[in-house]
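Subject: Structure for your review

Dear colleague,

Please find below the structure that I would like to hand over to you. My notes on what was found in it follow directly after.

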Amino acid sequence: MSTAKQLVVMVENRVGRLAEVTGIIGEAGSNILGFSIAEGENFGIVRFMLDDLGSAYRLLKERGHTVSCTDVLAIPMEDRPGGLHEVSSRCGELGVNIVYAYAFRIGEGAVLVMKVDDLQKSLRALKGAGFTTLSNDDLS
Amino acid sequence: MYWNARMECMPKEELRNLQFRELKTLVYRLYSFNNFYRERMKEHGVHPDDIQTLEDIRKLPFMYKKDLRDHYPTKMFTSSKDEVVRYHVSSGTTGKPTLVGYTENDIEFWTDSLARALTSIGIGTGDVVQVSYGYGLFTGGLGLHYGAERVGATVLPASVGNTERQLELMMDLDVTAIACTPSYMIHMGEVAKRLGIDFRRDTKLRKAILGAEPWSEGMRQHIEENLGIEAYDIYGTSELSGPMFTECEERNGIHVWGDVGIVEIIDPETEEPVPDGEVGELVITVLKKEAMPMIRYRISDLTYALEETCTCGRSSTRIGRISGRTDDMLIIRGINVFPSQVEHTLMNIPEVGEQFMIILDRKGALDTMTVQAELSPEHFSDKMADMMAIKKKIDSDMRKYLNISVNVELMDPGSLPRFEGKAKRVIDKRVF
Ligand SMILES: [Zn+2]
């Protein structure tokens, strides 16, 4: 059982700004597995799940971007109807509060990335209920 | 029609003699009773006896807004606290406000000056005047209120806001004149249009007295054509008492009554007088003021003076429309804002960095102010709620300390321009 790290970037709402960020990630040789964008009024917060987080983080930082790495839970789910519902309803029952979440396909299955309140407690609860969580190594 | 024909139409030479006598009395009085000004004169090496002609006013030291701030609240008053009947307060550059005190006579001089002004634009008995300037610490509302009552008009103290109700009252009460900021006038016109109200058809409004923020001949034309009214420029600041002077019906400059004030226009750099009609910095000496006399006060407004007697018959010096400022003060919806206030407010919020920009624009008729502030990198969060909380904090602090609502944009650290030398933090997109 482990947590995963995601890359978070502040991106102003202007033309070409997101492309600049994704360009740098590509230049760093990192693949984007999944991402989500939270809309502010004049800026967005973009969270990326990458196969090589370290090199993207360093290059973005070097180019003057506002970046951070934060801990999330990555849970494998079956890529079939009701897959997401199963996970999210179990989270509700276990008292795991999801701040935000995003999902992406990987291989034959899918991965749900969740930012939760009280990471350790949530991790224990999910483990107790028989869930597995993935680390960055599992994903790359 | 004149309110005080003798004073308003006094021959130039006689008026100048009167000004000289009043000035000499004022300087003697201040030298005797006002520690601040006596010290200032001594430092400057000038004594009341040196004032031998009206031109000798140039020997006297200037007064600045800073002097009022430094002597906050009442250290510059020349009247005892018992004689002061009212205070007005305007916001300062770094949080410290400017306090103005008035004796009963000060209120009277102010009211009388506005009575002359309102008469000169044809407002009097039979008129209903809607005062849509803010009432309260700001001088606009109460000043116009007293002036309009004095000339026998009926006053509707509408203050600011609730435009639909203001329009309704304007129609129901047959309002003939309004006093407000030019942008509020335009805003009212737009709201009226949306409600299907035609100013020409549905109201009795014929005159507007507009001021407290910069405007232009273009805006005047726009307002007059759209609303079918005549628009007049009004001038004054709280240090002079408040709005005091307006254009007359000739609309060729604002009459600054000679027995009330002496106008000088100087080159802000050399401090030497500039010729008649040339733009420079306005310096005003208020001859009639008891609680807080102002001698050679540098308001930081740029304008020009016209000395020749107006075609209306009034002999006072006229000043032109204010065309700018010598400092960086911004006027947004009638509220004075200094970039230094914005900076000061942001500096006290740990979640933002040092860089900021101010963007002024006009949305319809209303001025908008956007403050762009860089996030401090260590406060970057992946949760939007955290980021929004920072924005909200900036927003509420601006409202608290600047008394104005602004749009806040949280910027990526490092994304705002850096300046070498003098920072240009203001982008003004408004068209006046
Ligand atoms: Zn005139």
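Please keep in mind that this is a predicted model. I begin with one residue of chain B: B:Arg6 is exposed, with a relative accessible area of 54%. The side chain of B:Arg6 meets that of B:Glu14 in a salt bridge, with 4.0 Å from N to O. Elsewhere, salt bridges that share partners join B:Glu217, B:Arg220, B:Asp233, B:Glu247 and B:Arg321 into one network.

Over all chains, the search of the whole structure finds 43 salt bridges.

In one of them, A:Glu20 and A:Arg17 are joined through their side chains at 3.3 Å, N to O. These two residues are three apart in helix 1 (residues 17–27) of chain A, so about one helical turn separates them. In general, an α-helix has 3.6 residues a turn, so residues three or four places apart point the same way. Is each partner buried or exposed, or something in between? A:Arg17 counts as buried, at 9% relative accessibility, whereas A:Glu20 is partly exposed, with a relative accessible area of 35%.

The other example is the salt bridge between A:Glu86 and A:Arg80, whose closest N and O atoms are 3.0 Å apart. Here A:Glu86 is partly exposed at 43% relative accessibility, and A:Arg80 is partly exposed with a relative accessible area of 36%.

I turn next to helix 10 of chain B. Which residues of this helix are buried? In helix 10 (residues 217–227) of chain B, they are B:Met219, B:Arg220, B:Ile223, B:Glu224 and B:Leu227. Seen down the helix axis, these buried residues fall within an arc of 130°, so they line one face of helix 10 of chain B. The face turned away from that buried side carries the exposed residues B:Gln221 and B:Glu225. As for what covers the buried residues, the covering elements of chain B include helix 8 (182–194), helix 9 (199–202), strand 6 (207–210), strand 7 (230–237) and strand 18 (352–363). Just after helix 10 of chain B comes B:Gly228, which takes a positive phi of about 65°.

How many cavities of 30 Å³ or more does the structure hold? It holds one. The largest cavity contains about 40 Å³ of space. Its lining is made up of B:Leu68, B:His71, B:Tyr72, B:Pro73, B:Thr74, B:Lys75, B:Met76, B:Phe77, B:Leu99 and B:Met292. By class, seven residues of this lining are nonpolar, two are polar and one is charged.

The second largest pocket has a volume of about 500 Å³. Two elements of chain B each give two or more residues to the lining of this pocket, namely helix 2 (12–33) and strand 10 (261–266). Strand 10 of chain B gives the most, with six residues. In total, 26 residues line the second largest pocket, and those nearest its centre are B:Arg16, B:Ile262, B:Val263, B:Glu264 and B:Glu307. The lining of this pocket has twelve nonpolar, six polar and eight charged residues.

Yours sincerely

Note on methods
Residues are numbered from 1 along each chain as its sequence is written. Chains are lettered from A and ligands numbered from 1 in the order in which they are written. This is a predicted model: local features need pLDDT of at least 70, side-chain atom pairs count only at pLDDT 80 or more; totals for chains, interfaces and linings use all residues. Side-chain values use heavy atoms; hydrogens and water are left out. Buried means under 20% relative accessible area, exposed over 50%, partly exposed in between (1.4 Å probe, protein chains only). Helices (H or I, at least four residues) and strands (E, at least two) are DSSP runs, numbered from the N terminus. The arc is that of the directions from the helix axis to the C-beta atoms. Contact means heavy atoms within 4.5 Å. On a 1 Å grid over the protein atoms alone, a cavity is a set of points where a 1.4 Å probe fits but cannot get out, and a pocket is an open set with protein on both sides within 12 Å along at least five of seven lines; lining residues have an atom within 4 Å of a point. Grid points are joined across faces, edges and corners, and a volume is the space filled by probe spheres set on the points. Ala, Val, Leu, Ile, Met, Phe, Trp, Tyr, Cys and Pro count as nonpolar, Asp, Glu, Lys and Arg as charged, and the others, Gly among them, as polar.
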